[in-house]
Amino acid sequence: MKDAFGTPQSLLVLGGTSEIGLATARRLVARRTRTVWLAGRPSPALEAAAAELRKLGPDVHTLAFDALDSDAHEVALGKVFAEGDIDMVLLAFGVLGDQSRDEGEPLAAVRVAQTNYTGAVSAGLICAKALQTQGHGSLVVLSSVAGERARRSNFIYGSSKAGLDAFAQGLGDALHGTGVHVMVVRPGFVRTKMTAGLSEAPLATTPEAVALAIEAGLRRRAEVVWVPGVLRVVMSALRHAPREVFRRLPV
């Protein structure tokens, strides 16, 4: 169970090699988390991530999980919850895609949508049901400011995150009063391997800063967290900008 400060004893990271996911795990382990599950495609990177976390003291397990294989989600995730209660699920998987390529290769665009949205809907609903059955827990969903308004430069990725964001908000409403808390996290540009080589956007942040914001959000049982916080104001202005003006902005 979570303590008075919202720190979970047990954590399941969907997207076990995610830099944000691992930064969050490290931060929570330094507080109180003692059991961590890293779910992802079997790989040396997943095993290395688990090995690094074990050095910090918790029991760390890996789980074969593929966002694109929705048919296998219920069995795979069921194995985790069968081992005991999970206080927090962090849905951290996703792909950025390549906008210029994906526009001309519809199947590549579909893969982005299936990973970021369809896979997340499947895993999110399964975990939500398990959390509701045990009567407590938090589901933290990594969205993105890109989902606030589609931009010419990344509308395929942005649209998938918009769908995920709407889904997570609705799920939070559906679970209100059940003991399950859903928190949507909307980072801006995060400096990770996924964004390496891209032009850095203003107000860029780090996986560690996102992890700090997640921990703070858990403590106050926030429903939406922006990283950095000022993006809430910036995106509100961009969301309401007239379309003709928005098209001319360097975003």
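Author: Gladly; here are some questions and answers about this predicted model.

Reader: Let me start with T192. Why is T192 called buried?

Author: The relative accessible area of T192 is 16%. Buried means under 20%, so T192 with its 16% counts as buried. You can find T192 in the loop between strand 6 and helix 7 (207-219).

Reader: What does T192 touch, leaving out residues up to four places away in sequence?

Author: T192 touches E19 and P207. Contact here means heavy atoms within 4.5 Å.

Reader: On to the rings. How many aromatic pairs does a search of the whole structure find?

Author: The search finds one aromatic pair. Its rings are those of F65 and F93, with centres 5.7 Å apart. Rings pair if their centres lie within 6.5 Å, so 5.7 Å qualifies.

Reader: And why is the pair of F65 and F93 called tilted?

Author: The planes of the two rings are at 45 degrees. Stacked would need under 30 degrees and edge-to-face over 60, so 45 degrees makes the pair tilted.

Reader: What makes this pair a tie between parts of the chain?

Author: F65 lies in the loop between strand 3 (59-64) and helix 3 (73-82), and F93 lies in the loop between strand 4 (88-91) and helix 4 (99-102), so the pair ties together parts 28 residues apart in sequence. Both F65 and F93 are buried.

Reader: Now helix 8. Which of its residues are buried, and how do you know that they are on the same side?

Author: In helix 8 (residues 231-239), the buried residues are L231, M235 and L238. They cover an arc of only 60 degrees around the axis, which puts them on the same side of helix 8. The face turned away from that buried side carries the exposed residues R232, V233 and A237. Among the elements that cover the buried residues are strand 6, strand 7 (224-227) and helix 9 (243-248).

Reader: Last, the second largest pocket. What lines it?

Author: Its lining has 16 residues, and G172, D173, H181, V182 and E223 lie nearest the centre. Helix 6 (155-175) and strand 6 (180-187) each supply at least two lining residues. The largest share, five residues, comes from helix 6. By class, the lining has six nonpolar, seven polar and three charged residues. The space in this pocket is about 230 Å³.

Methods. Residues numbered from 1 in each chain as written. Predicted model: local features only at pLDDT ≥ 70, side-chain atom pairs only at ≥ 80, totals over all residues. Heavy atoms only, no water. 1 Å grid on protein atoms, 1.4 Å probe; cavity = no way out; pocket = protein on both sides within 12 Å on 5 of 7 lines; lining within 4 Å. Points joined across faces, edges and corners; volume = space filled by probe spheres on them. Helix = DSSP H or I, 4+ residues; strand = E, 2+ residues; numbered from the N terminus. Nonpolar A, V, L, I, M, F, W, Y, C, P; charged D, E, K, R; others polar. Buried < 20%, exposed > 50% of the residue type's maximum accessible area, 1.4 Å probe, protein only. Arc of directions from axis to C-beta. Phe/Tyr/Trp six-rings, centres within 6.5 Å; stacked < 30°, edge-to-face > 60°.
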